[in-house]
Amino acid sequence: MGRLFENRVVIVTGAGGAIGRAAAIGFAKEGASVIVSDLKPDTAHETTELVKQAGGQSIAVCGDISIDAEVQRLVSSAVETFGSLDCAFNNAGITPADDHTWNEDVFRRTFEINLLSQFLCLKYQIPEMLKRGRGAIVNTASIMGLVSAGEPATPAYTSSKHAVIGLTKAAALAYAKQNIRVNVLCPGVVRSAMSEQVMAISEDMRARLMNHAPMGRIAEPEEVAEAAIWLCSDKASFVTGHSMVVDGGFTAQ
Ligand SMILES: NC(=O)c1ccc[n+]([C@@H]2O[C@H](COP(=O)([O-])OP(=O)(O)OC[C@H]3O[C@@H](n4cnc5c(N)ncnc54)[C@H](O)[C@@H]3O)[C@@H](O)[C@H]2O)c1
């Protein structure tokens, strides 16, 4: 059987981080050419090398994807280098350490990175997909896009991730007839720099998050990446506007 992403071109944002890197490698193993997007050149280039080792072609395009011109450059680099854009995993995001302070600047910056960046990605990715008459996009929310997950003082993160789900539904409906699918991933706690930043707050927090899910453990980045890869693939051909939880049972409680 052929590989799922043979001759397909995929953008992964936040691909220097844990989930994005796992996805970039996973897409490459299925035959994709991968555009690695991240703010940090060092980790982006590391991912590019790992993608090549996995058998994929890859370039890194580094920049702040909350800025319109940077996202435009990201998408045009993909098309100029590989000829088209088939799929995108819009995964970059932050969890601000000082969310609990109800600071307006923190709130605005969180929305710029977690929500505006995904809006800008859709703005530039969808026209390229329309040219080819098909496409698949996976945005990234969190279980905190669905519930507050027992975290009472995360107004910016929780509301930005709720909004990503709304943005995804709006885009999915707008382009359903044009064969462009848009879905959103809602992970629980995943082993990454982001979750480590939160767990480092206290031993109590670490114990709580490690045992957050009924499965009694946190997710490995690859377990979340697999869901994004499936949603982008033709195997999910009738799935659009869907919020997929990958949370070890947390939201089933
Ligand atoms: N780790 C978790 O427990 C968890 C849980 C639910 C949802 N998520 C979501 O999954 C996504 C990936 O998280 P992760 O755990 O891999 O985190 P991570 O910190 O390992 O990776 C995030 C990446 O995004 C990049 N990034 C941040 N701001 C950027 C910007 N302005 N422009 C370009 N790149 C930028 C960072 O440099 C980093 O490499 C995020 O959207 C996050 O909210 C993570």
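In this predicted model, Arg21, Ala24, Ile25 and Ala28 of helix α1 make contact with Thr43, Glu46, Thr47, Leu50 and Val51 of helix α2. By class, this contact comprises 5 nonpolar, 2 polar and 2 charged residues.

## Packed helices

Two packed helices are described by the angle between their axes and the distance between the axes.

| Helix pair | Angle between axes | Distance between axes |
|---|---|---|
| α1 and α2 (residues 41–53) | roughly 25 degrees | within 9 Å |
| α3 (residues 68–82) and α4 (residues 104–132) | about 30 degrees | 9 Å |
| α4 and α5 (residues 155–175) | about 15 degrees | 9 Å |

Why are α1 and α2 described as roughly parallel to each other? Their axes cross at roughly 25 degrees, and angles under 35 degrees count as roughly parallel; α1 and α2 are therefore roughly parallel to each other. The crossing of this pair is right-handed.

The axes of α3 and α4 pack at an angle of about 30 degrees, which makes α3 roughly parallel to α4. Helix α3 passes α4 in a right-handed crossing. On the α3 side, the contact is made by Asp68, Val71, Gln72, Val75 and Val79, while α4 contributes Leu120, Cys121, Lys123, Tyr124, Gln125 and Glu128. These residues divide by class into 6 nonpolar, 2 polar and 3 charged.

Helix α4 also packs against α5, at an angle of about 15 degrees. The two helices are therefore roughly parallel to each other, and their crossing is right-handed. Which residues of α4 and α5 meet? From α4 they include Val106, Phe107, Phe111, Leu115, Phe119, Leu122, Ile126 and Leu130. Among those from α5 are Pro155, Ala156, Tyr157, Ala163, Val164, Leu167, Ala171 and Tyr175. The contact of α4 with α5 has 16 nonpolar, 5 polar and 1 charged residues.

## The second largest pocket

The second largest pocket has a volume of about 180 Å³. Two elements give two or more residues to its lining, namely α1 (18–29) and α8 (221–232). Which element gives the most to this lining? It is α8, with 5 residues. The lining is formed by Leu4, Ala22, Ile25, Gly26, Lys29, Glu30, Glu222, Ala225, Glu226, Ile229, Trp230 and Lys235. By class, these residues are 6 nonpolar, 1 polar and 5 charged. Ile25 links two parts of this account: it lines the pocket, and it also belongs to the α1 side of the contact with α2.

## The cavity

How many cavities of 30 Å³ or more does the model contain? The count comes to 1. The largest cavity has a volume of about 40 Å³. Its lining consists of Ser37, Val61, Cys62, Gly63, Asp64, Ile65, Glu70, Arg73 and Leu74. The elements that give two or more residues to this lining are β3 (58–62) and α3. Of these residues, the largest share, 3 residues, comes from α3. The lining residues divide into 4 nonpolar, 2 polar and 3 charged.

Definitions and conventions:
Residues are numbered from 1 along each chain as its sequence is written. This is a predicted model: local features need pLDDT of at least 70, side-chain atom pairs count only at pLDDT 80 or more; totals for chains, interfaces and linings use all residues. Side-chain values use heavy atoms; hydrogens and water are left out. On a 1 Å grid over the protein atoms alone, a cavity is a set of points where a 1.4 Å probe fits but cannot get out, and a pocket is an open set with protein on both sides within 12 Å along at least five of seven lines; lining residues have an atom within 4 Å of a point. Grid points are joined across faces, edges and corners, and a volume is the space filled by probe spheres set on the points. Helices (H or I, at least four residues) and strands (E, at least two) are DSSP runs, numbered from the N terminus. Ala, Val, Leu, Ile, Met, Phe, Trp, Tyr, Cys and Pro count as nonpolar, Asp, Glu, Lys and Arg as charged, and the others, Gly among them, as polar. Axes are lines fitted to C-alpha atoms, for helices over the stretch in contact, and angles run from 0 to 180 degrees between N-to-C directions. Angles under 35 degrees count as roughly parallel, over 145 as roughly antiparallel, 65 to 115 as roughly perpendicular and the rest as oblique. A crossing is left-handed if the near helix is turned anticlockwise from the far one by less than a right angle, and right-handed if clockwise. Contact means heavy atoms within 4.5 Å.
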